[in-house]
Amino acid sequence: MTADAAPAIVCATDLSPEADAVVTVAGSLASIRIDPLEDSLPTGLTRSFSVQGVLDNGMTFNLSRRDVQWTSANPAIASISNDPSTAGILTAVAKGVTTVSAVHAPTGKRAEQDATVTVLGRMIGLAVRPRQ
């Protein structure tokens, strides 16, 4: 079955009588987008990235991070996980700027735009002051 808009018959059987249902696929995947497209974080912290799918009819939906192949242009600055349990989690490694790309593995679609990640210096403290 392709992802083109067309009716499909889905058969499900359990202990009760069989039943058929007509399912219409809304459209095919036209592109994917990384979220966020820009981020800054201190060395040692992590950030979760996600990917949104855009159908050829303009509808959007969240893609599973596990279906995405993540890549950091410079893993010495920021690495991003492809492990199924932590997919899409970026770790800030060292001060600098890098980009993160994403490819939807089942279709081979590459994100329209890479995300830019700025890793700041190591956070050395946090000051909390009462409101005046």
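**Briefing: T98 and the strands of a predicted model**

T98 is found in strand β11, where strands, like helices, are DSSP runs numbered from the N terminus (E, at least two residues, for strands; H or I, at least four residues, for helices). This is a predicted model, in which local features need pLDDT of at least 70 and side-chain atom pairs count only at pLDDT 80 or more, whereas totals for chains, interfaces and linings use all residues. Residues are numbered from 1 along each chain as its sequence is written, and side-chain values use heavy atoms, with hydrogens and water left out.

**Overall make-up and confidence**

- The chain contains zero helices and 13 strands, and of its 132 residues 29% count as buried, a class defined by a relative accessible area under 20%, as against over 50% for exposed and the range in between for partly exposed (1.4 Å probe, protein chains only).
- Among the contacts in the chain with a separation of 6 or more, 49% are accounted for by residues 24 or more positions apart, a contact being heavy atoms within 4.5 Å.
- The mean pLDDT of the chain is 85, with 80% of the residues reaching 70 or more; pLDDT is the predictor's confidence in each residue, on a scale from 0 to 100.
- Over residues 1-9 pLDDT stays under 50, and for this stretch the model has 20 contacts beyond four places in sequence.

**Surroundings of T98**

- T98 counts as buried because its relative accessible area is 4%.
- A polar atom of the T98 side chain lies 2.9 Å from the backbone nitrogen of N74.
- Leaving aside residues up to four places away in sequence, T98 touches S72, A73, N74, I77, A78, A115, T116 and V117.

**The largest nonpolar core**

- A nonpolar core is a set of buried Ala, Val, Leu, Ile, Met, Phe, Trp, Tyr and Cys residues joined through side-chain atoms within 4.5 Å, and in the largest one, which has 21 residues, F49, W70, L90 and V117 touch the most other members.
- At least two residues of this core come from each of β3 (29-35), β8 (68-72), β9 (78-80), β10 (89-92), β11 (96-104) and β13 (115-122).
- L90, again without counting residues up to four places away in sequence, touches L41, L45, T46, R47, F49, A78, S79, I80, V100 and V117.

- Six bridges join β3 to the antiparallel strand β6 (residues 50-55), in which V54 is the bridge partner of S31.
- β13 pairs in the parallel sense with strand β4 (residues 38-43) over six bridges, and T118 of β13 stands opposite S40.
- β13 also pairs with β11, here in the antiparallel sense and over five bridges, and V119 in β13 is the bridge partner of G96.

**A cis peptide bond**

- Most residues other than glycine have a negative phi, and most peptide bonds are trans.
- The peptide bond from D35 to P36 is cis, with omega near 0°, and P36 is found in the loop between β3 and β4.

How values were computed. Polar contact = N/O pair within 3.5 Å; in protein donor to acceptor, adjacent residues only side chain to side chain. Pairing = 2+ DSSP bridges.
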